[in-house]
Amino acid sequence: MLGRRLKHGMLAAVVVVAFGRCGGPSAPPGRIAFYSQRDGNDEIYVVNADGSGLERLTANAADDVSPAWSPDGATIAFVSDRDGNEEIYVMRADGSGQRRLTETPGPEHHPDWSPDGELIAFMADRDGNRDIYVMRADGSAEHRLTSEPGVDMRPHWSPDGQSIVFNTNRDGNFEVYVMDASGGHVRRLTASDELEIFPRYSPDGAWLVFAAGYGEDREADVHLMAVDGTGERALTSDPGREEDVVWYPGGGYLAFQAEFDGNFEIYVMRSDGSDVKRLTNHPAGDYWPTWTEH
């Protein structure tokens with residue numbers, strides 16, 4: 001059953017607290033990695049979940065983007081074009097030990113770790129079509145999961161490792177789909193005239209968050225729905241774009257990128273949409289948060 005979208009402003013229970021006015025949530029422990037052009041080109045940074053302790057992890061002339069923490073918090077997968085093509089790399093949590101996992105003519109994007117840390121799902125263009133692939137965490141045993149015409153992207157594993165949620169435009173518009181971890185039993189969870197992208201499972205596997213909108217005004221909000229596609233509702237309803245939302249691994253909180261003040265920054269809020277707190281503040285913009293509790 002496909003969920004129905006609520007209009008902006010209809011979720012009366014959502015309370016947005018501006019950072020610096022009424023304080024913010026008592027943030028859980030952990031660190032949030034993201035990428036930013038604040039030092040001239042896209043590099044990966046990490047900050048504590050309360051906004052303190054900002055550190056830069058990569059430093060080179062190439063673009064390093066799309067970080068993803070391993071489940072144990074020891075490793076970060078990311079995308080870099082330092083060798084002339086967008087490939088998937090890994091590094092230790094302190095930025096050391098950077099090494100490449102893929103080496104193909106086409107680009108790779110959107111790495112995501114399996115819950116046991118043994119596998120990485122990602123998007124790749126091997127034959128002119130962007131599909132979902134899986135490989136071992138050392139880059140070996142790569143295999144393809146999807147092969148439909150269109151763009152399949154942003155895979156994310158379910159907490160039990162049995163399913164992968166992703167978004168695709170194979171039916172003419174970007175919607176949220178889910179499939180078995182083997183690539184079988186593909187089914188669509190959303191159906192609207194808007195775009196639904198960046199889906200991610202909650203730590204308990206009961207919910208999905210994603211960004212919805214991107215009409216002529218190019219605005220988008222964070223939405224929540226049950227894993228079967230029912231009960232969809234908006235968690236944010238502000239002008240601009242709120243997107244690329246991720247869960248705190250322990251549950252109860254979300255991090256996301258938003259342009260509340262005309263520039264993309266990283267924010268944290270409770271999983272009901274309340275107590276929004278800004279973590280970063282830089283004119284260059286900050287993107288693609290990923291959260292570890294370690």
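A charge sits over a ring if NZ of Lys or CZ of Arg is within 6 Å of the ring centre and within 35 degrees of the ring normal. You can find this at Arg126, whose charged end sits over the ring of Tyr133, 5.1 Å from its centre. Arg170 and Tyr177 give another example, with the charged end 5.6 Å from the ring centre.

Keep in mind that this is a predicted model: local features need pLDDT of at least 70, side-chain atom pairs count only at pLDDT 80 or more, and totals for chains, interfaces and linings use all residues. Residues are numbered from 1 along each chain as its sequence is written, and side-chain values use heavy atoms, with hydrogens and water left out.

Now for rings that meet rings. Rings of Phe, Tyr and Trp (its six-membered ring) pair if their centres lie within 6.5 Å; planes under 30 degrees apart count as stacked, over 60 as edge-to-face and the rest as tilted. The whole structure has twelve aromatic pairs. Phe34 and Tyr45 are stacked, 5.8 Å centre to centre with 20 degrees between the planes. Phe34 counts as buried (under 20% relative accessible area; exposed is over 50%, partly exposed in between, with a 1.4 Å probe and protein chains only), because its relative accessibility is 0%. Tyr45 is buried too, at 2%.

Next, look at Phe198 and Trp288, an edge-to-face pair at 6.5 Å centre to centre and 80 degrees between the planes. Phe198 lies in strand 16 and Trp288 in strand 24, so the pair ties together parts 90 residues apart in sequence. Strands here are DSSP runs (E, at least two residues), numbered from the N terminus. Both Phe198 and Trp288 are buried.

Technical notes:
Helix = DSSP H or I, 4+ residues; strand = E, 2+ residues; numbered from the N terminus.
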